[in-house]
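Please look over the notes below with the model open beside you.

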Amino acid sequence: MDRKQLKRASGPLTGEIAIPGDKSISHRSVMFGAIAEGKTTVTNFLMGEDCLSTISCFQKLGVSIQHDNEKVIIEGKGLDGLQEPMELLDVGNSGTTIRLMSGILAGRDFHSTLAGDSSIAKRPMTRVVGPLREMGAKIDGRSNGEFTPISIRGNSLKAISYKLPVASAQVKSSILFAGLQAEGTTTVIEPVSTRDHTERMIKRFGGNINVDGKSIHITGGQRLTAADIHVPGDISSAAFFLVAASIVPDSSVILKNVGLNPTRTGIMDVLTNMGANVSILDSNDEFEPTGDLRIEASTLKGTTIDGEIIPRLIDEIPIIALLATQAEGTTIIKDAEELKVKETNRIDTVVNELKKLGANIEATEDGMIIHGGAPLKGAVVDSHGDHRIGMMLAVASLVTDGAVILENAEAIAVSYPSFFEHMESLTKQ
Ligand code: S3P
């Protein structure tokens, strides 16, 4: 278990970095490449542990996938080309892998078992198992399918109309993957819009999907064809340096190639509302919009974050909490109970770890309240195996009085293997 000693920034953050590929889009590029017909080439793929888990699961399903740095080549043979795996499908720490793959496997006429690490073993699966069973899949697992390991005996599926009880792109995507294989037209109705990478990628691979406000319709029996995908940089990774440059005095940083899909840009709205100095320098609107961002340090003020914006920044709440400790006034985060079922219970881990650094922060039932302005001090803190908690604490060390010792720092490789290199390159004078 890596223990890393981190110290306060000795001056402003300067320079530019290219943000590594988006995790959500990287996962989906392999999944769609595997179920489409033909050769899919993916560039700027995120070589994080989560996405490597997705590659390895599809290799166990008989799909030929080669990767060399950030380039991945997938030889898709269509849905019918997937084969019954001889081994357990190990998803590691990746919730996206297990939830989305369940939707694919639900319609395959073979048996498979999925499991992951100790964090995955605590995360709820009924949210996908329930609707997939309704469509006709035979799924079992610990606690009647609520927890891993889960085993799936795929079946012919029938379309359903499903109102999502929680705003979750993972659940939506899982049902859409099953819907692609079902008889009839499946409808998913979202309570609040969530990231739409699956919908965009279905179109990119030649499929038909119809989005009508918060209702999404997909007809089964479609054949997808291979496509080339260039993965944009992950705004959820960029968020750590957007915040770092906002809170370390006199910083000015450029982040290149950041994905700016509107279902993911809640962090940009929050930064602007809090008085941060962030601008889009150059953007283009491909199948996923991207742009270069400039961020400069500024005086920040507290804000309230709640309602429909939450799914647009759900993964950024840990780093937003740190940002709020450096703002004047109070920040209130509400409607975010989903944080409790992420890689860790992120209400508890954010609040407890930031308290160790001296922050004035309290947990609530569905979020947290942060009173800005309390000076942060060095301490021994822990990622608890959660990549985003680890990165948030590493960024916090840039403004603490005294060294921060970060336990379990290795978790960061789940989504951002080059994080410390990038931090070093921006902090070296
Ligand atoms: C993801 C969706 C989100 C997010 C996760 C990735 C995806 O989860 O937190 O990191 O790729 O679909 P939920 O949709 O379950 O909120």
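1. Start with the backbone of Gln-170. One of its N or O atoms lies 3.0 Å from an oxygen atom of the ligand. That counts as a polar contact, meaning a pair of N or O atoms within 3.5 Å. The protein covers 95% of the 380 Å² of accessible area that the ligand has on its own. Such areas come from the Shrake-Rupley method with a 1.4 Å probe.

2. A caution on the source. This is a predicted model: local features need pLDDT of at least 70, side-chain atom pairs count only at pLDDT 80 or more, and totals for chains, interfaces and linings use all residues. Residues are numbered from 1 along each chain as its sequence is written, and side-chain values use heavy atoms, with hydrogens and water left out.

3. Two further contacts deserve a look. A polar backbone atom of Ala-169 is 2.7 Å from an oxygen atom of the ligand. For Arg-28, an N or O atom in the side chain is 2.7 Å from a ligand oxygen.

4. Which residues surround the ligand? They are Lys-23, Ser-24, Arg-28, Thr-96, Ser-168, Ala-169, Gln-170, Arg-195, Ile-314, Asp-315 and Lys-342. Being near here means having a heavy atom within 4 Å. By class, the shell has two nonpolar, four polar and five charged residues. Asp, Glu, Lys and Arg count as charged; Ala, Val, Leu, Ile, Met, Phe, Trp, Tyr, Cys and Pro as nonpolar; the others, Gly among them, as polar.

5. Which helix gives the most to the shell? It is α1, with three residues. Both α1 (23-35) and α6 (169-179) supply at least two. Helices (H or I, at least four residues) and strands (E, at least two) are DSSP runs, numbered from the N terminus.

6. Why does the ligand lie between two domains? Domain 1 (3-21 + 232-427) and domain 2 (23-219) both give residues to its shell, so it lies between them. The bounds come from an automatic or database domain assignment.

7. Check two backbone features. A cis peptide bond, with omega about -5°, joins Thr-148 and Pro-149. Pro-149 sits in strand β9 (residues 147-153). Asn-44 is not a glycine, yet has a positive phi of about 55°. Asn-44 is in the loop between β3 (37-43) and α2 (49-60).

Technical notes. A polar contact is a pair of N or O atoms within 3.5 Å; within protein, one must be able to donate a hydrogen and the other to accept it, and residues adjacent in sequence count only if both atoms are side-chain atoms.
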